[in-house]
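Please open the model in your viewer and keep the sequence panel beside it. The stops below say what to select next and what is to be found there.

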Amino acid sequence: GGLVRAVDEMGIAENTCIVFLGDNGTDAVNQIRTTRAGLVRGGKRTLDDGGTHLPLIVRWPGKVEAGKTKRDLVDVVDLFPTFCEIAGASLPEGKPLDGVSLVPCLTRNERVGREVTVAGYGNNFSAFDGTWRLNSNGTIIDAQDLPRETEVSEEDLHEVSRKAVEAMKPFLEVLP
């Protein structure tokens, strides 16, 4: 609040994009928390929704509509190209980037276009497409009704779901 007030008092709010990004879940890893959305399990150091679903709040008066909630998949690697675009800076040439700029989503209501996010802790990784979570140990999680997550076997997946899970496998294959 102090930062927002200071930016407003200096009269630079419309030229200042403030981004708040939460840290990977709570430290209540082994506790189940009751929220308005339901029971949440996990937290820091876990690859479930409780450890990977983070708040990202953007305030940029005149550019980003206040009070609007987006459901697009966003990854922390998207911040670098976003900040470069906001600042008018060029992206490094010849260097592949995993991130995409969020500016079109924030300012023009366009989709981010990210199909999968990847999270990791230690030697464990997960790929998440907004509906399914595939863990590097082969565990498949049905995340269609978050915060409820249900482990399912590959045999229990119907054809469309199996294709979605298969599409995430390459994201985990490139990791150490």
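## Around helix α3

Begin with Gly88, the residue that follows α3 and has a positive phi, near 75 degrees. The model is a predicted one, and this applies to every stop of the tour. Now select α3 itself, residues 79–87, and colour its buried residues, which are Leu79, Pro81, Thr82 and Cys84. If you then display what covers these buried residues of α3, you will find β1 (18–21) and α4 included.

## The whole chain

Followed from the N terminus, the order of elements is α-β-β-β-α-β-α-α-β-β-β-β-β-α. The C-alpha trace spans about 60 × 45 × 30 Å along its principal axes. The chain has 176 residues, of which 33% count as buried. Among the contacts with a separation of 6 or more, 48% are between residues 24 or more positions apart.

## The loop between α4 and β5

Select Arg114 next, in the loop that runs between α4 (103–108) and β5 (117–121). Is this Arg114 buried or exposed? Arg114 has a relative accessible area of 17%, and because the cut-off for buried is under 20%, Arg114 counts as buried.

Although Asn109 is not a glycine, its phi is positive, about 60 degrees. Asn109 has a relative accessibility of 48% and counts as partly exposed.

In soluble globular proteins, nonpolar side chains tend to be buried together. For the largest nonpolar core of this model, select Val116, Phe125, Ala127, Trp132, Leu134, Ile140, Leu157, Val165, Met168 and Leu172, 10 residues in all. Two or more residues of this core come from each of β6 (124–128), β7 (132–135) and α5 (159–173), and α5 gives the largest share, three residues. Centre the view on Val165, which touches Trp132, Leu134, Ile140 and Leu157 when residues up to four places away in sequence are not counted. Another core, of eight residues, lies apart from the largest one, and its members include Val58, Val64, Leu79 and Leu106.

## The second largest pocket

Rolling a probe the size of a water molecule over the atoms shows where empty space is left. Turn now to the second largest pocket, which holds about 260 Å³ of space. Which residues of its lining are the closest to its centre? Select Leu47, Asp48, Asn135, Ile141 and Glu149, which are the closest to the centre among the 15 residues that line this pocket. At least two lining residues are supplied by each of β3 (38–40), β6, β7 and β9 (148–152). Coloured by class, the lining divides into six nonpolar, four polar and five charged residues.

From Asp48, one of the lining residues closest to the pocket centre, step to Thr46, whose side chain is joined to that of Asp48 by a polar contact of 2.7 Å. Thr46 has its place in the loop between β3 and α2 (49–52). With a relative accessible area of 18%, Thr46 is buried.

## On either side of β8

Select Asn137 in the loop between β7 and β8 (140–145). Asn137 is exposed, its relative accessible area being 59%. The side chain of Asn137 makes a polar contact of 2.7 Å with the side chain of Thr139. For a view across the model, draw a C-alpha to C-alpha distance from Asn137 to Gly62: these residues are 45 Å apart in space and 75 residues apart in sequence.

End the tour at Pro147, in the loop between β8 and β9. Show the backbone here, where a cis peptide bond joins Leu146 and Pro147, with omega about 10 degrees.

Key:
Residues numbered from 1 in each chain as written. Predicted model: local features only at pLDDT ≥ 70, side-chain atom pairs only at ≥ 80, totals over all residues. Heavy atoms only, no water. Helix = DSSP H or I, 4+ residues; strand = E, 2+ residues; numbered from the N terminus. Buried < 20%, exposed > 50% of the residue type's maximum accessible area, 1.4 Å probe, protein only. Core = buried A, V, L, I, M, F, W, Y, C linked by side-chain atoms within 4.5 Å. Contact = heavy atoms within 4.5 Å. 1 Å grid on protein atoms, 1.4 Å probe; cavity = no way out; pocket = protein on both sides within 12 Å on 5 of 7 lines; lining within 4 Å. Points joined across faces, edges and corners; volume = space filled by probe spheres on them. Nonpolar A, V, L, I, M, F, W, Y, C, P; charged D, E, K, R; others polar. Polar contact = N/O pair within 3.5 Å; in protein donor to acceptor, adjacent residues only side chain to side chain.
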